[in-house]
Amino acid sequence: MGEFKVHRVRFFNYIPSGIRCVAYNNQTNRLAVSRTDGTVEIYNLSANYFQEKFFPGHESRATEALCWANGQRLFSAGLNGEIIEYDLQALNIKYAVDAFGGPIWSMAASPNGSQLLVGCEDGSVKLFQITPDKIQFERNFDRQKSRILSLSWHPAGTHIAAGSIDYISVFDVKSGSAIHKMLVDRQYMGVSKRKCIIWGVAFLSDGTVISVDSAGKVQFWDSATGTLVKNHLIANTDVQSIAISDQEDSFVVGTAEGTVFHFQLVSVTSNSSEKQWVRTKPFQHHTHDVRAVAHSPIALISGGTDTHLVIRPLMEKVEVKNYDAALRKITFPHRRLVSCAKKKQLLLFQFAHHLELWRLGSTVATGKNGDTLPLSKNADHLLHLKTKGPENIICSCISPCGSWIAYSTASRFFLYRLNYEHDNINLQRVSKMPAFLRSALQILFSEDSTKLFVASNQGSVHVIRLLEGSFKHLHTFQPQSGTVESMCLLAVSPDGNWLAASGTSAGVHVYNVKQLKLHCTVPAYNFPVTALAIAPNTNNLVIAHSDQQVFEYSIPDKQYTQWSRTIQKQGFHHLWLQRDTPITHISFHPKRPMHILLHDAYMFCIIDKSLPLPNDKTLLYNPLPPTNESDIIRRRTAHAFKISKKYKPLLFMDLLDERTLVAVERPLDDIIAQLPPPIKKKKFGT
């Protein structure tokens, strides 16, 4: 496949935000995840756990609660005292309502999805009616003496349980009055603690209330009599989260030690109809606090301070060994945070509130395959561009020539012109950017850096001509009639004639940039697009989907290519389809038109379309044959997929020129080292 000189970049100091809340939607099989910086992510569990949508964070939005209502409506609340509803089509905030109870610590939607409860700092529990367009305050429940940290509805919608400090209250929904107050024992390992915080409650159909608290206990209460039924001491530290299955036959809790415990309802004896709750399985997949857990029909889901989203399958519920049978750890976003100016060998790194521009190092040394060459010139940190305001950056891009930088937040769009004078950079901001460019979800420059393409959250794609220090709006490609779908991915052909845009569903539209009109729409596919790119010369569009399928579509012919039809007929190797991270970038070799380069977080692959496809009996990750073999034997044993797993976790990889690659890695150990220290646990023999 040829030798490459690889720039191995590890100075992208990216640290994902910790996970604060998770909310599972059983109707759509989607998972909402909120992080400590206010970012909210939506994962499609049916599409190989792909992160199909995200809402950028905000400095003043510390999300403390997250829930689904009516299947398709997502709400969050936090310490700023506001309840927020998200627009899942336009990918922005639909509205925010002040609850007037101080910081909000907890929230829960009623079983029928028509009402919303929030628990506030001032001890109030507030009930809101969910209307088609908004939410409307209905009434307050009896105010308690301390903040309401957890809430849970009875499945019938008649009662609620509210966890506070030192006690649990049971309310009658109709009257709004507290009918029971259950005091929690402050005893912790035989020592009386000052306070006992009820971090989570769950209300079961039979009237049982399950609570988890800061004393390391899981307790079962009878809500009819207000008495303690059973007590499990499971940790030396806080038990911080709880989630129960829809069938109410199992639940999961997370602790501050990073352990997740699974409880199941099992028969006392083999022939007995009497059942009891038993702690069955502990899992240690986290290093820090497990702040949030969720329970899907086939998996336990957990997240916390160590930034990992962990999906642990319940093997007794998984019928077929496929995607659902594998343990997953999702750490990095399924979108690009790095862009490259190949001509000047520059990398632009995107953080939450700033951008960094680096020039790659260089070497004059030579060596053989596998050697690490010393740098004759170190990488240079050229620019640190800080955003104004509290909003997180949504997307960013640097032009191929390195003379333009663009980025977007929820309310503003920024474009800068860069002039290089020896080792100095002169930065000039382009003023009076039009308002319709804000909330851009993807930004892309043409290969010659004369045009800027901006994907809108309203489904349109704007074309901007770049002039010397200014711009001109050329055209806006409007969405198809009747659809308002956010455009999340863009790809432009090297000759600048074609533009491909993909939305949050599976559709891909191809536009003719010269004639400024829609050229064609790629046939719809069931799984969302994770990456796309247009090949030079042939103008073939290569599309990667979340189920690991790769398609090649001829834009001039408006049909799939023969190679794509062949690979769909034969099928991909089963090990290729079992990969659990999506392809996030596709590129092409300028001198080898038969090669497709792509990568995910844990592998880099070159597909040679001239070679035969591997079948399930051949090794997918096969090493190259010995160099002393003849060309005929090497050709006979080779197949189209050449895969390297040397670089990981891989955030970005691309060709700088015919012989040079750049790989941006972010080792997990570097992230863990910068997190707060975990709780120290006593180990045997120490």
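Is serine 245 buried or exposed, and what is its relative accessible area?

Reply: The model is predicted, and for that reason local features need pLDDT of at least 70 and side-chain atom pairs count only at pLDDT 80 or more, while totals for chains, interfaces and linings use all residues. Residues are numbered from 1 along each chain as its sequence is written, and side-chain values use heavy atoms, with hydrogens and water left out.

Serine 245 is buried, because its relative accessible area is 5%, where buried means under 20% relative accessible area, exposed over 50%, and partly exposed in between, with a 1.4 Å probe and protein chains only. The residue sits in the loop between strand E24 (239-244) and strand E25 (250-255); strands (E, at least two residues) and helices (H or I, at least four) are DSSP runs numbered from the N terminus. The side chain of serine 245 makes a polar contact with the side chain of aspartate 249, at 2.9 Å. A polar contact is a pair of N or O atoms within 3.5 Å, of which, within protein, one must be able to donate a hydrogen and the other to accept it, and residues adjacent in sequence count only if both atoms are side-chain atoms. Once neighbours within four places in sequence are set aside, serine 245 is in contact with Ser250 and His295, contact being heavy atoms within 4.5 Å.

The domain assignment places domain 1 at 19-244, domain 2 at 245-330 and domain 3 at 338-674, with bounds that come from an automatic or database domain assignment. The C-alpha centres of domain 1 and domain 3 lie 40 Å apart, and 17 residues of domain 1 are in contact with 20 residues of domain 3. Between them these two domains bury about 1,500 Å², of which 56% is on carbon and sulfur atoms; buried area is the accessible area (1.4 Å probe) that two parts lose on being put together, summed over both. On the side of domain 1, the residues that lose the most area to domain 3 are Asn48, Phe50 and Glu59, which together account for 31% of what that side buries. Across this interface of domain 1 and domain 3 the rule finds 0 salt bridges, a salt bridge being a side-chain nitrogen of Lys or Arg within 4 Å of a carboxyl oxygen of Asp or Glu. The count of residue pairs in polar contact between domain 1 and domain 3 is 7, with both residues at pLDDT 80 or more. Strand E5 (residues 50-55), with 4 residues, gives the most to the side of domain 1 that touches domain 3. By class, that side of domain 1 has 6 nonpolar, 7 polar and 4 charged residues, where Ala, Val, Leu, Ile, Met, Phe, Trp, Tyr, Cys and Pro count as nonpolar, Asp, Glu, Lys and Arg as charged, and the others, Gly among them, as polar.

Elsewhere, salt bridges are present: the structure holds 18 of them. One of these joins the side chains of glutamate 665 and arginine 10, at 3.4 Å from N to O. This pair links distant parts of the chain, 655 residues apart, with glutamate 665 in strand E57 (residues 660-665) and arginine 10 in the loop between strand E1 (5-9) and strand E2 (19-25). Glutamate 665 counts as buried at 0% relative accessibility, whereas arginine 10, at 42%, counts as partly exposed.

A further salt bridge connects aspartate 654 with lysine 342, the closest N and O atoms being 3.6 Å apart. Aspartate 654 lies in strand E56 (residues 650-657) and lysine 342 in the loop between strand E32 (338-341) and strand E33 (346-350), so this pair ties together parts that are 312 residues apart in sequence. Aspartate 654 counts as buried at 7% relative accessibility, and lysine 342 counts as partly exposed at 32%. Salt bridges that share partners also join Arg8, Arg10 and Glu665 into one network.

Another serine can be set beside the one asked about. Serine 396 is in strand E36 (residues 395-398) and is buried, with a relative accessible area of 14%. The side chain of serine 396 makes a polar contact with that of glutamine 350, at 2.9 Å. Leaving aside neighbours within four places in sequence, serine 396 is in contact with residues including Ser339, Leu348 and Tyr407.
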